[in-house]
Amino acid sequence: MGRLAWRRPAFLKGKRKNVDYDALAVELRKLRETVAGVTDTVIAAVDGIPIISDVADNVDPLNISALAAANLGIARQAAEVTRQGTLHQTVVFNSGGYMAVYAIGRIALLVVLGDGGLNLGRLLYETRSVTDRIASILTP
Amino acid sequence: MLAHAVTQCHADRINAALVVTGDPGGVVNFRDGAVIAVHSPGAPGVAMLSATVDVQADRVGAAMADAAFAITVGGISHYLVDDTADVLSPTSAGISPTRLLGQVAVRLAELAASPCPVSPYRERPVPTGRGEPAAELREIVAHATGRRTARDIAFAIGRGVHSVTVDVARLLGDDVLALAPAAVFTGRVHHEAGALRPRASPPRPADVVPADPLPVRRPGRAGRGP
């Protein structure tokens with residue numbers, strides 16, 4: 001695998017650290033290989049602009065990122081209005097699969113698409129450490 | 001390991017779920033010692049199996065055997081009996097564990113005897129472009145993108161994971177499919193994101209230097225009014 005170019009996403013403008021895209025790619029690949037049923041993954045900034053994606057040809061990471069940001073925004077409002085603490089994730093259950101969106105602090109989000117056999121329990125377990133690591137890669 | 005656990009559950013005539021932890025793992029539901037349902041993230045359930053393919057008289061039984069195959073062909077780390085789980089309404093009269101294990105053994109043997117046995121969960125095949133697949137296997141080749149495992153293809157086309165894995169093994173043997181190299185990142189970095197900048201905070205009014213300043217009135221210099 002060639003070294004991926006280093007560049008700063010918009011939300012990190014003005015901060016000192018560059019993003020290690022290779023490290024993000026490793027996290028996405030490991031997640032897809034570890035959890036049965038994960039089909040596509042995207043990391044996007046909280047405004048819905050994709051940072052890195054690992055998706056099939058028929059999935060548009062721009063659309064998915066924008067939808068995930070809107071989804072997370074609504075869910076975050078709901079968490080605040082109901083005073084139930086900090087939002088961690090939302091999961092959309094469909095007849096043929098799942099779309100899970102994880103908050104990565106207040107700066108970014110992780111989208112995981114899965115087929116109908118997605119092992120949700122395993123995904124929940126694995127993503128706790130994955131989102132922590134992604135947060136530390138993205139922030140100085 | 002699974003055989004021992006299932007046989008013991010049958011002997012104890014339990015009404016509970018045998019939760020198998022592993023990769024992919026699964027759950028075997030017992031009622032009165034008979035297996036009434038098997039679920040695994042490794043195999044499509046009855047509802048997901050396409051009605052037009054794999055038509056068999058006993059689709060429920062076939063899906064159960066397929067799920068049991070999916071559990072045994074993967075890794076099993078441990079198992080436990082959970083009698084607090086909701087007892088599922090039986091989708092069939094239930095089958096004896098001995099019969100289920102027999103069906104699983106046949107499936108495992110069939111995969112092991114194939115020309116190129118692969119794991120349904122690890123290897124990701126891609127078309128080689130050489131050789132023409134048989135008509136009924138074209139769908140599998142079309143879905144082999146190098147991102148999907150045999151299990152993923154089974155879910156995508158709504159067929160049993162066992163039959164798809166055996167077909168993939170056959171296609172690998174016929175040089176129609178090849179294994180995609182492992183540990184390759186198939187995604188992409190979105191550099192266009194870097195082109196977008198956060199909204200710059202507006203400069204403070206004091207710092208504003210108008211390019212074309214308006215005339216300033218000074219006392220005593222006012223011109224005559226009309």
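1. In this predicted model, the buried residues of helix α6(B) are B:V161, B:H162, B:V164, B:T165, B:V166, B:D167, B:V168, B:A169, B:L171 and B:L172. Since 10 of the 13 residues of α6(B) are buried, this helix is largely enclosed by the rest of the structure. The elements covering these buried residues include α2 (59-73), α3 (97-112), β5 (125-127), α4 (138-143), α5 (150-157) and β6 (177-179) of chain B.

2. The length of α6(B) (residues 161-173) agrees with expectation: at 1.5 Å a residue, its 13 residues should span 18 Å, and its end C-alpha atoms are 18 Å apart. Just after α6(B), B:D175 adopts a positive phi of about 65°.

3. Chain B contains an open sheet of four strands, ordered β3-β2-β1-β4 with antiparallel pairing. At its edges stand β3 (34-39) and β4 (75-82) of chain B; each has a single partner strand, so one side of each is left without a neighbour in the sheet. On average, neighbouring strands of this sheet are turned by 20° against each other, direction ignored.

4. Within that sheet, strand β2 (residues 26-31) of chain B runs antiparallel to β3(B), and five bridges join the two. One residue pair may be located directly: B:R31 has B:A34, in β3(B), as its bridge partner. Helix α1 (residues 2-11) of chain B lies across β1 (17-23), β2 and β4 of chain B, and runs at about 170° to β1(B).

5. A further open sheet has six strands in the order β3(A)-β4(A)-β5(A)-β1(A)-β2(A)-β7(B), with antiparallel pairing. The edge strands are β3 (89-94) of chain A and β7 (188-189) of chain B, each with a single partner strand, so one side of each lacks a neighbour in the sheet. Six bridges link β3(A) with strand β4 (residues 97-104) of chain A in the antiparallel sense; A:T90, for instance, has A:V101 in β4(A) as its bridge partner. Helix α1(A) packs on the sheet, where α1(A) touches β1 (38-45) and β2 (50-54) of chain A together with β7 of chain B, and its direction makes about 40° with that of β2(A).

6. Helix α1 (residues 21-34) of chain A also packs with helix α3 (residues 120-138) of chain A, at an angle of about 170° and with the axes 10 Å apart. That angle makes α1(A) roughly antiparallel to α3(A). The contact brings A:A23, A:L24, A:E27, A:L31 and A:T34 of α1(A) to A:E126, A:V130, A:R133, A:I134 and A:I137 of α3(A). By class, six nonpolar, one polar and three charged residues form this contact.

Technical notes: Residues numbered from 1 in each chain as written. Chains lettered and ligands numbered in written order. Predicted model: local features only at pLDDT ≥ 70, side-chain atom pairs only at ≥ 80, totals over all residues. Axes fitted to C-alpha atoms, helices over the stretch in contact; angles between N-to-C directions. Parallel < 35°, antiparallel > 145°, perpendicular 65-115°, else oblique. Contact = placed C-beta atoms within 7 Å. Nonpolar A, V, L, I, M, F, W, Y, C, P; charged D, E, K, R; others polar. Expected span 1.5 Å × (residues − 1). Buried ≥ 20, exposed ≤ 12 C-beta atoms within 10 Å, placed from the backbone. Pairing = 2+ DSSP bridges.
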